[in-house]
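Colleague: I am new to this structure. Could you walk me through how to read it?

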Amino acid sequence: FGKEVQHAEKITKQEITFNFLTENKKQGLQRVLVVEDDLLNQTTIRRFIGNNYKTLFVDNSDEALKVLNNNKIDIILMDISIRGKKNGLELTKELKASKDFSHIPVIAVTAHAFEEDKQNALNAGCDSFLSKPFTKQSLLEMIERFFELS
């Protein structure tokens, strides 16, 4: 696991974006946007998701909006504590109020695990809630549930 983190640190945002955009032109896999500012959590999610979905990682609300404006995204995994002008809940509220993005399911993936935190996420417009730490199975089942609904 430590080697993956070291390797992940060497990957630049441009490389991740380029790889995603290149893959995004191919047909087939659903696209997942992960809004997560912690490198270890990004690495864990990347490892758990594997090649099941086309995945793009951003670490702040500003980058998330850029990606959404330039790509078709099928689902968003949203950390609540992120960098940028907005936190994850504020960004979710904005997305759910937008005619362009309101249809995209948002799953709050967060260390804020109290019932009040879950309720705040749902009140902000998150479609579901997954507290950290989570298992590979619980993450994939959560994502798959939304793809089955669409």
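Modeller: Start with a cut-off: exposed means over 50% relative accessible area, and buried means under 20%. Bear in mind that this is a predicted model.

Colleague: Which exposed residues does the face of H4 turned away from its buried side carry?

Modeller: That face carries Asn-69 and Asn-70. The buried residues of H4 are Ser-61, Ala-64, Leu-65, Val-67 and Leu-68. Viewed down the axis of H4, these fall within an arc of 165°, so they line one face of the helix.

Colleague: What do the buried residues of H4 pack against?

Modeller: They pack against S1, S2, S3 and H5.

Colleague: How should I read a core?

Modeller: In soluble globular proteins, nonpolar side chains tend to be buried together. Here the largest nonpolar core has 24 residues. Among those with the most contacts inside it are Leu-68, Ile-76 and Leu-95. H4 gives the most to this core, with four residues. Beyond its neighbours within four places in sequence, Leu-95 is in contact with residues including Leu-65, Leu-68 and Ile-76. A second, separate core has 19 residues, including Phe-48 and Phe-146.

Colleague: And how do I read a pair of helices?

Modeller: Two packed helices are described by the angle between their axes and the distance between the axes. Take H3 (residues 39–49) and H7 (residues 136–149): their axes come within 10 Å and cross at roughly 70°. That makes H3 roughly perpendicular to H7.

Colleague: Which residues make the contact?

Modeller: H3 uses Ile-45, Phe-48 and Ile-49. H7 uses Lys-136, Leu-139, Leu-140 and Ile-143. By class, that contact has six nonpolar, no polar and one charged residues.

Note on methods: Residues numbered from 1 in each chain as written. Predicted model: local features only at pLDDT ≥ 70, side-chain atom pairs only at ≥ 80, totals over all residues. Heavy atoms only, no water. Axes fitted to C-alpha atoms, helices over the stretch in contact; angles between N-to-C directions. Helix = DSSP H or I, 4+ residues; strand = E, 2+ residues; numbered from the N terminus. Parallel < 35°, antiparallel > 145°, perpendicular 65-115°, else oblique. Contact = heavy atoms within 4.5 Å. Nonpolar A, V, L, I, M, F, W, Y, C, P; charged D, E, K, R; others polar. Core = buried A, V, L, I, M, F, W, Y, C linked by side-chain atoms within 4.5 Å. Buried < 20%, exposed > 50% of the residue type's maximum accessible area, 1.4 Å probe, protein only. Arc of directions from axis to C-beta.
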